[in-house]
Structures are given as structure tokens and as C-alpha cells.
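This report concerns aromatic pairs, charges over rings and nonpolar cores. Please keep the sequence and the model at hand while reading.

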Amino acid sequence: MPRLSGAQIIISQLERQGIRLITGIPGGANLPIYDALARSTTIRHILTRHEQGAGFIAQGMARSTGQPAVCFATSGPGATNILTALADAYLDSIPLVCITGQVPRTLLGTDAFQEVDTYGMSMSITKHNYLVRSAADLLTILPKAFRLAGSGRPGPVLIDVPKDVQTEMVEFVAWPEPFLAADHLPSDLKSVGQAAAMINEAARPILYLGGGVIHAGAAAEARQLAEQSAIPTVMTLMGLGILPTDHPLSLGMLGMHACRATNLAMEECDLLIAAGVRFDDRATGRISAFCPNAKVIHVDIDASEIGKLRPADAGITSDARHAFAGLLPLVQPRQRRRWNDRIQRLQKDFPRFPPQSFAPGKPFQLIRRLAELAGPKALISTDVGKHQMWVAQSYPFTTPRQLLTSGGLGAMGFGLPAAIGASLAFPGRPVVCFSGDGSLQMNIQELATAVEQRTSVKTVVFNNQSLGLVRQQQRLFYERHYFASSYSISVDFTAIARGFGMRAFDLNGAADPDHLLRQAMVEPGPCLINVPIDIEEDVTPMVPPGAANTTMIGDDHASN
């Protein structure tokens with residue numbers, strides 16, 4: 001009969017779940033867990049420089065693989081530091097299991113050293129959370145946590161473990177079974193039939209695909225549905241890669257920074273087939289004006305999302321893969337020449353990329369060149385800001401899970417640690433992190449982790465010495481009242497990178513920038529590339545916050 005401490009139970013359960021990498025930082029309240037982890041022969045620990053970095057590195061692993069990843073933090077500031085990563089995972093439906101240390105049970109509620117109410121603070125930003133009251137409970141809590149994190153609509157689960165629970169000894173008869181992913185079938189076949197009939201009757205349908213399609217592993221089925229019925233397809237930021245960028249039915253990203261033709265086509269559609277989306281305001285603009293003449297089919301694993309923001313004429317509570325599998329035999333093959341000809345006319349009138357976008361030194365030109373050098377199998381992470389939208393608009397994505405970006409929370413500081421996580425999960429693949437000077441400085445300390453772990457991450461810093469999107473909005477909507485959006489000193493990121501032991505390249509004043517890019521991309525291990533960007537270089541088109549998607553500001557900043 002096994003007799004183990006709570007900490008030993010945690011590590012043994014993680015081993016049984018197949019976990020091979022854990023990120024985190026030790027502290028007084030979780031040292032028993034780390035002592036047990038030190039004896040593991042199968043789990044490798046990644047010592048980060050900040051708990052937020054640990055959470056985002058774990059996210060990089062989870063986002064790129066689709067499997068739950070694990071991060072550790074101690075009590076108090078360790079737990080509060082990692083909460084941003086949990087909130088980010090919650091809004092983007094990313095499967096994480098976060099295990100935090102806590103003060104002993106006898107000190108709970110006494111304002112003990114490094115005590116905070118981790119359970120209470122995390123309640124609204126996790127799919128589920130636990131405050132463990134006995135070591136015996138860990139036998140069932142760990143498998144449940146992995147099941148909750150990875151099943152249905154994925155999300156983060158937090159387990160807060162008091163220090164004396166970690167050291168408490170338990171005897172038990174047998175280990176519980178490890179987590180196995182639950183299967184999900186359409187709950188209402190009648191709704192599937194109704195939706196198929198609506199698709200067959202529609203003259204101007206559009207597929208509207210989000211991250212839920214990727215979580216369900218349904219990209220192939222989504223593509224088959226689009227091709228079978230010749231349905232033009234838009235994707236949210238989180239859905240990019242479901243259809244390759246160059247697919248003839250792909251209209252790219254919709255919403256605030258979409259191509260004009262995409263948003264105008266949605267204005268004309270008569271049926272919106274939404275799958276794995278939340279009808280987020282960055283995608284829809286003013287919701288009352290979004291696809292005003294369209295009926296709506298909404299597919300989502302989370303029943304609470306259906307009809308939450310936009311009433312659904314047909315709602316299918318199911319993961320996207322099973323929903324599409326049910327629809328495909330019922331949807332009639334179509335050509336839809338008139339509708340697709342109309343969209344091609346819109347695309348001709350409003351090109352996705354004006355010719356000047358690819359002038360030397362422009363963001364689109366640099367992104368496309370880096371895509372050529374990285375190759376089609378590269379994993380791409382971004383931070384949050386202008387560079388994020390330029391990548392979303394212009395990078396030639398080919399597969400799901402190729403783009404790792406903070407969508408719902410928009411967390412600056414996400415890109416570098418997420419890229420490290422992706423590189424740890426796929427050590428043989430190129431990984432490129434597009435960041436901005438503002439975003440990079442929020443978790444710049446993880447450059448040390450990238451070097452220490454010998455990752456392949458290439459960090460490209462689009463440097464305009466400002467908080468670019470903040471400054472753009474101040475110019476457009478706040479009468480050029482620039483305040484707290486520009487930096488008064490010029491940071492030498494290449495010197496900082498070299499200080500962490502990393503190769504660095506600076507395109508500022510380079511006689512042959514393309515030669516430096518080629519040299520950087522073949523550099524073994526991690527490196528940093530500083531790319532100067534004009535502070536007035538805008539992200540366009542842009543829908544003003546709160547406006548309808550058809551009210552777009554273009555390169556001349558004139559509304560159309």
C-alpha cells in the first residue's frame with residue numbers, strides 16, 4: 001500500500017498524466033513540491049525569471065500542442081504574478097493546470113507572511129479552482145483538474161495547496177485513472193438538420209470561424225464545408241490558420257483591422273455560420289450593426305455562448321468537429337458563382353494590400369520576408385500592439401496552432417515566453433516572436449530563459465519607441481493629445497540581449513538589412529533582431545472603437 005506525502009502525490013500524478021515539462025519558480029510555500037519534483041526522473045523543470053513568464057511559457061506549450069500544460073508558483077506574490085497568465089488562458093480557452101503553494105491550514109485567514117486569497121482571486125479567471133484541505137483529496141483533484149482543463153471548452157484550473165497539505169502523509173490502495181479527454185456529440189440532431197437546410201437555401205453565406213474550431217481539431221472539416229458549398233470564410237484573430245491565407249475562399253481576419261472587402265462582404269451576407277466564436281467586439285464592431293441582414297447559425301461547445309450577444313436562428317451545442325461532421329452529409333454541393341464573383345469585385349475595389357505596403361522597410365515587407373526565411377512550418381508568436389495586427393494582416397499562415405497570440409486579454413509581455421514554450425514543445429521547429437519595444441520590456445527577463453534552455457526563438461522587435469496603438473488612437477480620436485505613450489529614452493535592445501548571452505542584430509542603419517535578416521534566421525539558438533519602425537506607421541484599416549465594421553479608417557484616415 002503506497003504511503004506518500006501530498007507533494008509526492010502531486011508529482012506522481014503529474015507523471016501519470018504524461019507531463020514532461022513544468023514551468024515555475026520555487027518559494028517557501030511550495031518547497032515541498034519542488035523537493036518531490038527534484039526526485040522525478042521524467043519531468044523537466046523550466047526555471048523562469050518571473051511567474052508571469054512561467055504561465056505564458058506553459059501557455060505556449062498548450063497553445064501549440066492543444067494539450068494541458070502545467071505551471072507552478074509559490075504563495076503571495078508568486079500567485080498574484082501568475083494570475084495574468086491564468087486570465088489570459090481563461091479568455092482564450094487554453095488548457096492549463098496551475099499549482100500554487102499556500103500558507104499552512106492553521107494560518108489561513110491570519111494575514112500570515114505571503115498569504116493572499118489565491119482561491120478567491122482566481123475564481124473569476126479560471127474554469128475551476130481548488131483550495132486543497134487534505135493530502136488525500138489530491139488523489140482525485142489532480143485527475144479532475146486535467147479533465148476540466150482539457151475537456152469541453154478548455155481553460156485554466158488552479159490548485160492551491162497549503163504547505164502542511166504538501167507534507168501530510170497518506171496511505172492509499174490504488175492510483176486513480178489518469179485524465180482521458182471526453183468526447184462530445186451534437187446535442188440536437190434536429191438543429192443540425194435545420195442548420196443544413198439554412199445553408200442550402202442561402203444565397204450569400206459566410207463561414208465565421210474562431211479559436212473553438214482549432215481547439216476541436218476541426219480545421220479539416222471546416223475547410224471541407226467551405227469547399228463543398230463554396231462558402232467564403234472569415235476568421236477571428238484566434239482562428240487564423242484554419243484556412244491557409246492564400247486559399248481562394250479565405251477572406252482573412254474580420255473586424256477592427258480587417259481588409260475593407262472582408263467587412264463589406266459581411267455586410268451583404270444573408271447567412272452567418274459562426275463556429276467557435278464569442279462574437280467579440282473586436283470582431284463584430286457595434287453588434288447591432290453586425291451582418292444586419294443575416295440569419296445566424298451558431299455552433300459552440302459552451303451552450304452559454306449561443307445567443308449571448310447575437311440571437312441564433314439555429315444553435316448547435318457541440319464541438320465544431322462533430323457539428324461539421326453532422327452538417328457535411330446534409331449540405332448540398334454548390335458553386336455560388338454570383339456570390340463569389342461579388343466578393344472578388346469587392347476585393348478588386350478594395351485590395352487587401354495596397355502596393356506601397358510592401359515597400360522596403362515597411363512592416364508588411366519585413367514580415368513577409370521573415371516568413372520566407374522561417375519557412376512554412378515556423379511557429380509564430382506575437383505580443384500585443386501594432387506588430388500583432390500587422391502579423392495578423394500579412395503573415396501567410398498555413399495551419400492551425402501556427403499563430404500564438406493573446407486575443408481576449410490582449411496581454412503585453414505574452415509573446416517572448418509563449419514562443420519559448422512553443423520551442424520547448426517543438427524543439428525541431430523554427431519559432432519567431434514578433435514583439436514591440438513596449439511589449440518586450442514587460443517580460444524581457446525571459447531572454448535569459450530562452451538562452452538557458454537553448455531554444456530556437458528568434459525575437460523580432462518592431463521598435464517605434466512608443467506604445468504604438470495607444471499613440472495611434474490618441475492621434476485619431478483624442479485630438480493628438482499624446483500623453484504617456486512615447487518613450488523619452490532609446491533602449492538598446494541588442495546590448496540587453498547580448499547581456500543575457502544572446503546573439504543580436506540591429507537593422508538600424510544597416511547597409512544590407514536583408515543580409516542581417518538571413519544571418520539572424522540561420523543563427524543556432526535564440527537571437528534578437530531590432531527593427532526600427534517609423535512612429536507614424538499606422539495599422540490600417542481600422543474601425544473606430546464602438547463603430548460599425550463598415551465605418552473604416554483607411555490609409556488617408558478618411559471614413560468610408
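This is a predicted model: local features need pLDDT of at least 70, side-chain atom pairs count only at pLDDT 80 or more; totals for chains, interfaces and linings use all residues.

## Aromatic pairs

A search of the whole structure returns 13 aromatic pairs. In one of them, the ring centres of Tyr 34 and Phe 72 are 5.7 Å apart and the planes meet at 75°, so the arrangement is edge-to-face. Because Tyr 34 belongs to helix 2 (residues 31–37) and Phe 72 to strand 4 (residues 69–73), the pair ties together parts that are 38 residues apart in sequence. Tyr 34 and Phe 72 are both buried.

Trp 390 and Phe 462 form a tilted aromatic pair, with 6.1 Å from centre to centre and 45° between the planes. This pair also links distant parts of the chain: Trp 390 is in helix 16 (residues 386–394) and Phe 462 in strand 18 (residues 457–463), 72 residues apart. Both Trp 390 and Phe 462 are buried.

## Charged groups over rings

Two arginines sit over aromatic rings. The charged end of Arg 429 is placed over the ring of Phe 426, at 5.3 Å from the ring centre. Arg 471 lies over the face of Tyr 482, 3.9 Å from the centre of that ring.

In soluble globular proteins, nonpolar side chains tend to be buried together. Here the largest nonpolar core comprises 68 residues, and Phe 324, Tyr 395 and Phe 434 have the most contacts inside it. Helix 15 (residues 363–374) gives the most to this core, contributing 6 residues.

Leaving aside residues up to four places away in sequence, Phe 324 touches Leu 209, Val 213, Ala 218, Glu 221, Ala 222, Leu 225 and Ala 275. A second, separate core has 44 residues, including Ala 58, Ile 82, Leu 83 and Ile 420.

## Surroundings of Ala 320

Ala 320 is located in helix 13 (residues 320–327). Its relative accessible area is 5%, so Ala 320 is buried. With residues up to four places away in sequence not counted, Ala 320 touches Val 213, Ala 216, Ala 218 and Val 299. Val 213 and Ala 218 are also among the residues that Phe 324 touches.

The C-alpha atoms of Ala 320 and Ile 214 are separated by 8.7 Å, although these residues are 106 residues apart along the chain.

Terms used. Residues are numbered from 1 along each chain as its sequence is written. Side-chain values use heavy atoms; hydrogens and water are left out. Rings of Phe, Tyr and Trp (its six-membered ring) pair if their centres lie within 6.5 Å; planes under 30 degrees apart count as stacked, over 60 as edge-to-face and the rest as tilted. Helices (H or I, at least four residues) and strands (E, at least two) are DSSP runs, numbered from the N terminus. Buried means under 20% relative accessible area, exposed over 50%, partly exposed in between (1.4 Å probe, protein chains only). A charge sits over a ring if NZ of Lys or CZ of Arg is within 6 Å of the ring centre and within 35 degrees of the ring normal. A nonpolar core is a set of buried Ala, Val, Leu, Ile, Met, Phe, Trp, Tyr and Cys residues joined through side-chain atoms within 4.5 Å. Contact means heavy atoms within 4.5 Å.
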